[in-house]
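Visitor: Could you walk me through this one? I'd like to know where each label comes from.

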Amino acid sequence: MKNQLLLLTVFAFVLKIDAQTTIIPKENDTRVITTGMPFTLIAPDARAAGMGDMGVATSVDAFSQQWNSSKYVFSETQSGFSLSYTPYLKKLVNDIGVGYLTYFNRLDERSAFAASFKYFGLGSIELTDNVGNSTGTEKPNELALDVSYALRLTDQFAMSVAMRYLRSDLRLNYDENTDASAANSFGVDISGYYQSEEEAYADFNGRWRMGFAIQNIGPKFKYDDGGQDNFQPTNLRLGAGFDFIFDDYNKVAVTAEVTKLLVPTPPIYGDEYNYTDTNSNGTYDEGVDVLGSKTDQQNIIIQGQDPNVGFLSGMFQSFGDAPGGFREEIKEFTWALGAEYVYQDSFAFRTGYFNESEEKGARKFFSLGAGFKANVVNIDLSYLFSASKIQSPLDSTLRFSLTFNIGAGTYNEY
């Protein structure tokens, strides 16, 4: 009888050991924030690219629609249109690039409207059947079409609202059974810009500039009926700058900008495993306890918050959901510094630096740029030097922009 009780006790103890479970974090679990349609964040114009991909607080130009459309009410030009082209992955292919076209019109002293069209072409892809015969050619692409209205609320401050239509046609039509329809969505930008009066200092005059923009506010979308919901690249831009005006011919503008994606951070996931608690301390000790098989509990959030929320909830959640706490939240901000020297409003030289945490994308690069003005035409160029182990898709890329000014000198802002 005693032997039977002993065996029963041992058997119950073994069952208790077998019932122990633990959650093991997944290996190589990344927390880089990803979104759909990231092409909207590519700097399309050479001026902004020459100063480290910034534009929310720089002085107004025809490409302000990309960065901060409220700047248009500070334009001294009545209207203008611009175009640019940016080669993408030029070291690998020669048919991928971003085209950008803008138009703006300053209606009066206090208001302006603008429109732009952005096209991201991913080249030509030839399709073949199982034996290698050509079945046609696909040209995947993405585009954005937007309009904005800016209103001057005070002499030094203006705000703007922009509406945007987004279309992503990336799916390939392999056969007649493939649903190759494009993904569509819409977004809204809200921005503001402050520009002070020119003030006299000891050895120079100066002017302050500040700006903010919340871009791509809009619903999530799917690339296919059975796919996952994708966040738009909703982002916050904050910037400030100062113009050193030495005389009528020489001016130096310095600007700083920070940017953050307002999209939930991926949490740390883990899978549940059975294990043998050999030291009977109730927790799994690696190297001591014996790890068993997985249970049916997988993709459990260990640290962080559930990213499967609506786009508005995701915007607010993005400020405090990083699994690493405040230290990780800070790493989700990118920052850039830029400077521009302008001589006689006809020649400009620019330089800039852009930085992103290595844990959040590792984009780091220097940039150089130049601008020339001849009558009503502005010509801008820029060049990018990657400073990261992970090279930028735009490394060693020369970008080119053209602006045509109509009614230059119609307004006096400086």
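Visitor: Which elements each supply at least two residues of the lining of the largest cavity?

Guide: Four do: α3 (64-67), β4 (111-121), β7 (141-152) and β11 (205-217). Those names come from DSSP runs numbered from the N terminus, with H or I for helices (at least four residues) and E for strands (at least two). Keep in mind that this is a predicted model, where local features need pLDDT of at least 70 and side-chain atom pairs need 80 or more, while totals for chains, interfaces and linings use all residues. Residues are numbered from 1 along each chain as its sequence is written, and side-chain values use heavy atoms, leaving out hydrogens and water.

Visitor: Why is Arg-399 called buried?

Guide: Buried means under 20% relative accessible area (exposed is over 50%, partly exposed in between, with a 1.4 Å probe and protein chains only). Arg-399 has 2%, so it's buried. It sits in strand β21 (398-406).

Visitor: What does Arg-399 touch?

Guide: Leaving out residues up to four places away in sequence, its contacts include Ala-43, Asp-53, Tyr-85, Asp-380 and Leu-394. A contact means heavy atoms within 4.5 Å. A polar atom of the Arg-399 side chain also lies 2.8 Å from the backbone oxygen of Ala-43.

Visitor: Why is Gln-317 called buried?

Guide: Its relative accessible area is 14%, so Gln-317 falls below the cut-off and counts as buried. This residue belongs to helix α4 (311-317).

Visitor: What makes a nonpolar core?

Guide: It's a set of buried Ala, Val, Leu, Ile, Met, Phe, Trp, Tyr and Cys residues joined through side-chain atoms within 4.5 Å. The largest one has 18 residues, and Met-37, Phe-39 and Ile-42 are among those with the most contacts inside it. A second, separate core of eleven residues includes Ala-62, Tyr-72, Val-73 and Ala-150.

Visitor: What is the phi of Met-37?

Guide: Near 50°, a positive value in a residue other than glycine. Most residues other than glycine have a negative phi. Met-37 lies in the loop between β1 (21-25) and α2 (46-50), and with a relative accessible area of 0% it's buried. Ala-362, not a glycine either, has a positive phi of about 65°. This one is in the loop between β18 (347-355) and β19 (364-374), and its 5% relative accessibility makes it buried.

Visitor: How many helices and strands are there in the protein chain?

Guide: Five helices and 21 strands. Of its 414 residues, 44% count as buried.

Definitions and conventions:
A polar contact is a pair of N or O atoms within 3.5 Å; within protein, one must be able to donate a hydrogen and the other to accept it, and residues adjacent in sequence count only if both atoms are side-chain atoms.
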